[in-house]
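Let's walk through a structure together, one piece at a time. Keep the picture in view as you read.

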Amino acid sequence: MNIDYSQQAPVVAGRLTLAQIEELVAKPMDTKPNKKFFIALSISGSLLIIGAVFLAFSFYYGTGLWGNNQPVGWAFPIVNFVFWVGIGHAGTLISAILFLLRQKWRTGIARFAEAMTIFAVMCAGIFPVIHTGRPWLAGYLMPYPNQHGLWVNFTSPLVWDVFAVSTYFTVSFVFWYVGLIPDFATMRDRTSSKIKKTIYSVFSLGWRHSNRHWTHYEKAYMLLAGFATPLVLSVHTIVSFDFAVSILPGWHTTIFPPYFVAGAIFSGFAMVVTVLVFVRKIFDLEHIITIDHLEKMNKIILATGMMVGYAYAMEFFIAWYSGVPSEQFVFINRAFGPYAWAYWIMVSCNVIFPQLFWFKKIRRTVPFMMVIVILVNVGMWFERFVITITSTSRDFLPSSWGYYKPTIFDIGILLGSFGLFFTLVILFTKSLPVVSISEIKAVADGAQPTIHGGEHHA
Amino acid sequence: MSDFNSDNPQLSQNSELQPNYWRSFEELHNDPNVLEARHHEFKDGATDDFDPLNLSSISRRKFLALLGASAALAGTACTDYRDKGEIVPYNIKPEEITVGKPNYYASTCTACANSCGILIKTREGRPIKVDGNPDHPVNKGKICAKGQANILNLYDPERLKKPLKKTGLNFNEVSWKEVDNDVLAALTFAGSKEIAIVCNSITSPTTFKVIEDFKIKFPSTKVYSYNFFNDSVKNAAWQKTFDSGKYPLVKWNEANVILSLESDFLGVDGNKLENSRLFAEGRDVDTKTFNRLYCVDSTLTITGNNADYRLRLRPEAQFEFVMSLMNELSSKGAFNFSVNTSGYSLSGFASKYNLKKKVLDQLVNDLATNKGKAIIDAGRSLAENVHIAVNLLNEALGNSEMFRNDSAVNTFVENSSVQEIESLIQKMNSGNVAVVIHFDSNPVYHLASDFGYKDALSKVGLVVSLSERENETTHLSKYVLPINHNFESWGDAKTRTGVISLQQPVIAPLNDTRQKEAILLTWIAGKTDAFNETLYHEYLMKNWEASIYPKLNSKLDFKRFWFGALHDGIVLTNESPSVSRSINPGTTSLLSQPSSSVKGYTVVIKENYNISDGSFSHNGWMQELPHPVSKIAWDNYAAVSEKTCKDLGVKNNDVIEIKVGGRKLSLPVFMQAGTADEVIVIESGFGRTNSGTVANGVGFNSNLLLSKTNNYSPWIYSGVSISKTGDTYKLASSQEHHAFDDAKTQDLHKTRHIIQEGTVAGYLKNPDLIKEKHEGELISVYDPQPYNGLKWGMSIDLNKCTGCGDCVAACNVENNIPVVGKDQVLVSREMQWLRIDRYYSGTVDEPSVSVQPMLCQHCDQAPCENVCPVVATNHSPDGLNQMVYNRCVGTRYCSNNCPYKVRRFNFFNFRDHFRDSYQENPLLSLMHNPEVTVRSRGVMEKCTFCVQRIAEARADATYEKRTLKGSDVTTACQDSCGSNAIHFGDINDKESEFYKYRNHELGYYVLEELNIHPNVTYIAKLRNTYPEEA
């Protein structure tokens, strides 16, 4: 094989000019939504409404409509919460960590991934509130001064969650918004509609593409990226503490923080690939979101999938090594007990199928990767299901064991969260540039001076 | 003084008339401004007078005030003010009532024929809790689950509120006067036609007298009495053996060896409270005396759960077993007895029924070496010849020493024989019965269908039912007369030689009901206006004055005696029990029955622990109390062995059809470990119709299988055919059922040290056998919180706990626990704060059973506390794990992190959720303990160690200026425990009785290795097995 590793494949394919890039990205916002858009929106909207209706029932009658029972206090809502927080990891990872690591290929997908992060965290944020018995009192979880002298319990991981998730959401949102400012300005300059112009003007905060602006912007972006990076690691670490800090066998595990973070990146990337495959097709962005980008993400999926697989194995090893019988029982029970079906779905989707990404052909073929990333999404949802439910359903006293079965309300609310997520994604594709125009221009061919005088060497 | 006055002329003027009060020096010194200001209430400018002519010049301040006031008035006048009902304070303090302080009244429980003495706790005039009367010699301050749950019967919203008359298919409310007139007319014109009174057992001498009076007034009256479960066979056998008397009471506490044959004396046979107490006295870790209990029965019962050795045997083989035992004992030379036992051999019997020979040998040895200190007790459902054989064997072994001199009297009216009831029905069918009065009985449900009672009723001129609530019988009556509840009634009860217990009402009738005796008295008087509220009360007093008081030789006059007796609730008469008995020489000939081999399926109808024969099936608390053995709630089922399951090709929840003669019943199968093969055990009291919201349609009516004729006993039928229907029916259980042969789950309770057990012999050899398993002091990441003052703790003696569940019922009543219904039990959302865990070990056919009451352990390092985000659960300085309901958001994290899973979550507003908000009825809210919050939806709750009782005791101690002691408080579960297994008190009080149990060498904590320092000590169960097995 005679491959020249000294040359990088171009980040933007197809030798697009800067104007073409701008044109391409701005097209969805300049054109009226077509039929396909409305079909997509009505599907996701219907899911959202189903979720809302089931949620309304749950508020009216109580959490008893769900399958939760006496040993299994946490079920679908918490599974969904962890799942969505996990999805929300890819965005910040791509935009912040890869930015700091100077990974130029991130530019094509960063904006979209960040938006997905924000939407996923919004979906996630709903669940801890609605899963409580009295959601109208959820404000008690915030430390606020009151004449009762009541304070929150800082030893409870649920309070840590409140801070971790809200900080993560705020920082991700600010980071995303700051990145959007130059694009808002571009859109403002392009549009002739008076209303749009007003809106874009407001959000672009008076951006004039001046040198000073760019200098400040680059600094701010760099700082925010630095600020967001530890959050990528902290959020899921703290979410994992919900389990790890308890004394329940199967939850009380020190491996959880890294294992959860790896799992979150794994599922986040899988979700980004799932959505991007459609977006690049529908909005003709194949040159900007190239197959190279997808392949790189698939490589990360393969790597994190193996980390997750290692964690699964290590849990078993530690259970055996610890010599704690109830700990050993939990893991044997996971694999061979009443929830074995869920466990093996998890293992096969998360560990076995991603191994196919060792084949370059599969990594670079859209239908193949589509199947695998969807399986990864399913597998990661089941991972949270297995952790949350198998541990509580059979814990210390055999007398209190109980099998958990979800009800139609559990499933409805889960569908509703997907409805909310995709509704937001669909609205986003039509209202904001799904790819950062300014950043893509910066990495386009010939945009930067090189030692080769800007010549292309492919 | 005069100088001072002369300086102040104005003051000196008035000084003679009024004293001088001054508010400021200015006033004292007569500042004219101040004097002027005294005449105006408000300072100038602070207000202005309302003058319509001057309105235009109204101040800005005034204008705003008027504006605000009118807005406020308009606003409040238009709000939809919700009338919360009339709240009337006690303007005049009622006698006896201090607001916030409970009163206790002694009375008698009439929930079953045992008629225990009770203390009824009332608050502001409402009965809210029942405890046993400590002065009562039988139940000694304890009361069973039914007695506890009886409070729900009082407030049951579906109690009949007015007399009903059936016209066509409907019942209409009518006045008492109309009823009395119609019934009186029918009674008067009955002539020679019979007036039949159908009742259950009558334990009250005065009620019996009312019925006697009724018979005098209406001479054609006949009284028929039945009890669905009764000792008639047992007593008849006793009569045949000894020519006199009844089966006496047993000194369970003195027996070294107890052999129970199909007898559930710790469950439903006899007075379980007394039996449990006496039995538990014989299993005491302090005195280190232990009886040995052998059980030979067809299915697991509470008694079987507590057996040291248990063998399963179908009931028809019991006779052969006793004869073989007799043969073995006499061949060993244990006694000389003229019973011909040839043809019986114990070893042959053992191999025939596949019984453990070793256990039988030990049994023979125990009976032979403990002559006079052993007792053999046969269950009431066994055939007469078994009882006769047992009587003879007990006599031969000298075990009559174990019988008490006093005996139980459960009725003044002997149960009617089958022939008597048949003749009644014949007369009814031939139109010779003018009136049938159902005196608080339900024969339509209880009598075997082949009597044809239901059809015969339609041929009776007038059917009158006296009942608290609708049932199958009231449905077929012309008149349904609502009667007073236990707690609204006067009465007396004699259940023991020399003991009469008194019943007094603690609340005026809630509805337009009458005491059942007063209804008869009105008819005896022959006038509708003869009734008044005190009719029966006066009758009762007169009867006592005339027939009971004179015999007592009391030094008090009757009035004082009467009030004293009411206060005590109990009167001891110096009745001397009959002692002598001698064996009827002809008895042995009754036993000359050839041994026959029994084959085929047999059905056993057994009394349900909670709802009995159906008398409590409308009571949600009792329906939801899990079965002590199977842990199934809200249903009955066909309990069969694993082998029979396989033979029939069925598994749990499969519906089978059982056919006996022409009678059929379909019900689901439940594989009950320890059941004898080919035996189907079905419990009674279910499958009710026309009996109210709670009872209707729950379970399956086992009475459909009954027949008036039987070849064994009224409750056991052989020759049963069984077929699979192919349907399934879900049974709700409070505990998961695990396969016995699953290596993953087998014996987890032992390997995890949840249940720690030893043997008596092992303990005597090594008293530290439990202690040495302790892990020692573990290191904690938290600094231990010092508890130097009073700190609450509990100990539960598993040697004494029989697992009956009375404590669960007591906790339900004390702590306002809602009923959740079968659908919620199916998804494990029971709300009981205290549960009885039941674990099996060993084989599925011969399981060894361990029971363990499980409640909040109030851990020092409670794992629930540090995960609650809002500190809704926290620790008190006296060591209680507390729940702050108002603060609880309902994250359920505490429940997840609780290793004992004793926390209960209100997934719904269960009072609203159950049976279309049946429990939301305002009447039921009267039942609630006002000291315990009724929890709302979305809130976590759990055992509080009865914190309301602690608070009350602390308030009393403070008031009396003494320090609170651990012994000042008892918990509701402790109060109800018949065998005194539960102790509660101050962990740090070294002087207390509790300290001994808390620090007992057999004590252990469940899940000690978690190092969370629980405050409930379990005292390990010792099994009294043979020393060689230890």
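Which strands of chain B does helix α14 lie across? This is a predicted model, in which local features need pLDDT of at least 70 and side-chain atom pairs count only at pLDDT 80 or more, while totals for chains, interfaces and linings use all residues. Residues are numbered from 1 along each chain as its sequence is written, and chains are lettered from A and ligands numbered from 1 in the order in which they are written.

Now to the helix: α14 (residues 357-369) of chain B lies across β8, β11 (292-297), β12 and β13 of chain B, and runs at about 125° to β8(B). Helices (H or I, at least four residues) and strands (E, at least two) are DSSP runs, numbered from the N terminus. Angles go from 0 to 180 degrees between N-to-C directions, using axes fitted to C-alpha atoms, for helices over the stretch in contact. Contact between two residues requires C-beta atoms, placed from the backbone, within 7 Å.

Those strands make up an open sheet in chain B, in the order β12-β11-β8-β13, with parallel pairing. Strands pair if DSSP finds at least two bridges between them. At the edges are β12 (309-312) and β13 (374-378) of chain B, each of which pairs on one side only. On average, neighbouring strands in this sheet are turned by 10° against each other, direction ignored.

Look next at β8 (residues 257-261) of chain B, which pairs with β13(B) in the parallel sense over five bridges. Here B:L261 stands opposite B:A378 in β13(B). Helix α15 (residues 384-396) of chain B lies across β8 and β13 of chain B, at about 175° to β13(B).

Let's turn to helix α4 (residues 89-100) of chain A. Its 12 residues should span 16 Å at 1.5 Å a residue, and this agrees with the model because the end C-alpha atoms are 16 Å apart. The expected span is 1.5 Å times one less than the number of residues. Is this helix mostly covered or mostly open? Mostly covered: 10 of the 12 residues of α4(A) are buried, including A:L93, A:I94 and A:F99. Buried means that 20 or more other C-beta atoms lie within 10 Å of a residue's own, exposed means 12 or fewer, and partly exposed lies in between, with C-beta atoms placed from the backbone. The cover includes α3 (76-87), α5 (107-130), α6 (157-190), α8 (211-244) and α9 of chain A. Just after α4(A), A:R102 takes a positive phi of about 60°.
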